Amino acid sequence: MSELPGPPLRIAVLGDFDGPHTRAWVQTFVERGHDVHAISYYAPRTELDGLTLHVLNEARRTMVGDQHAGRLPSSGRGQGLKKLVPPNLLRVINATRYRRAGLRRLLEEIRPDVFHAHYAVEHGFYGAFAGYHPYVISAWGSDLLVESQKAPGRRIASWALSKADLVTGNDGSLIRRAVELGVAPEKAAVVHLGIEKAFLDAGAFSVNLREDNASPLAIISDRAIEPLYNIDTLLEAFADVRRGSPELRLIVAGTGSQVELRMAHAFAKLDLARSIDFAGHLDEEILAQRLAQSHIYVSVPSSDSLALSNLEAMAAGAFPIVSDLPSVDGWVMDGINGLRVPAGDARALAAAIRRVLGDPELRRTAAETNRTLVEARGLREPNMLLMERHYYRLAGHPIEDQAI
């Protein structure tokens, strides 16, 4: 990356550091040379390198942790209360616990140039009680697109966002929702986390770019195996298509609460044991290779922000078939560089898969278009440099406009 445009900043981040997105975000600014402080209620399961970690509650180990994406708290404790208490009431309880554990006092000791919380209805909500400024909240998808649609979650999201000096989201649909919840447009900005260049490098060898492609036809999904992501729809569509294409293979690369349920569905009900690989979590290098070796990528959630998974697949050359959601506007143009289908519609998904399997030229041109698109707009480095400029502005050190 380029040199810092000003003095290194002290940045405090509140979030789920077992989540890959928050970890990647803070690591980027560590590598940039900023003084990064990670604040967590519990110690993360894996170490964070190059920054200062502050654990709010080292002694008590009973707090219920994050609801984000269905994850358990880092300690793995507190599941009993989680089952008994409604999610939004639990967030209020947790906000009180963060306050009592000394979040505000800690921020006064750290004195960061910028305080940044990830996921609006949880860490964004907890952090807002500290009253520290400048304060940034990043929304990631379900927090605004799902949780804020009903009254309790809407009140939590609206109040938390009202305390922020800047609200970021990784696509326009999140920013529009933030504005609907009362955020002034000038205090909201699209900032993508972006993806690593390794996916573009792997995409240079995409099966869809090969002139003589003898590889077995393959489909891949790497979304979480949770109800939101409609893996059952994918399995039904795959079973339908496979009746006419017995050589077709499916890779389900993901983890989640429904793994056993979906495996039973695929193997017992649909008789697909020989055609599906439930591969579990794949590290970045292996995932990039699998995406480049797959002809089609499927992501059909009921709700979503712009998923990094989509950008990774596009960079690696897999043809994207995605849910017809506002978050993919400007990224997936139906019939040109991908196909958009109604979420939960197995018949429509099967028809889309058949169309793509029968049109190698469409797959080839889409792979070329998508790799160019992601290289121009979707890589981590330029997007995080944009975020860095926001940090400097909020810290009172605006930097001159320049090409990123």
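**Aromatic contacts in close-up**

Phenylalanine 278 has a relative accessible area of 18% and is therefore buried. The model shown in these views is predicted.

**View A. Phenylalanine 267 and phenylalanine 278 form an edge-to-face pair.** The two ring centres lie 5.6 Å apart and the planes meet at 85°, which is why the pair counts as edge-to-face. Phenylalanine 267 belongs to helix H11 (residues 259-269) and phenylalanine 278 to strand S10 (residues 276-278). The pair thus links distant parts of the chain, its members being eleven residues apart. While phenylalanine 278 is buried, phenylalanine 267 is partly exposed, at 29% relative accessible area.

**View B. Phenylalanine 129 and tryptophan 159 form a tilted pair.** Across this aromatic pair, the distance is 4.6 Å centre to centre, with 40° between the planes. Phenylalanine 129 sits in the loop between helix H5 (119-128) and strand S5 (135-139), and tryptophan 159 in helix H7 (residues 151-162), so the contact ties together parts that are 30 residues apart in sequence. Both residues are partly exposed: phenylalanine 129 has 39% relative accessibility, and tryptophan 159 has a relative accessible area of 31%.

**View C. Ring pairs join seven residues into a cluster.** The members are Tyr41, Tyr42, Tyr98, Phe125, Tyr126, Phe129 and Trp159. For the model, the count of aromatic pairs comes to twelve.

**View D. Arginine 377 places its charged end over the ring of tryptophan 331.** The distance from the charged end to the ring centre is 4.0 Å.

Methods. Residues numbered from 1 in each chain as written. Predicted model: local features only at pLDDT ≥ 70, side-chain atom pairs only at ≥ 80, totals over all residues. Heavy atoms only, no water. Phe/Tyr/Trp six-rings, centres within 6.5 Å; stacked < 30°, edge-to-face > 60°. Helix = DSSP H or I, 4+ residues; strand = E, 2+ residues; numbered from the N terminus. Buried < 20%, exposed > 50% of the residue type's maximum accessible area, 1.4 Å probe, protein only. Lys NZ or Arg CZ within 6 Å of the ring centre and 35° of its normal.
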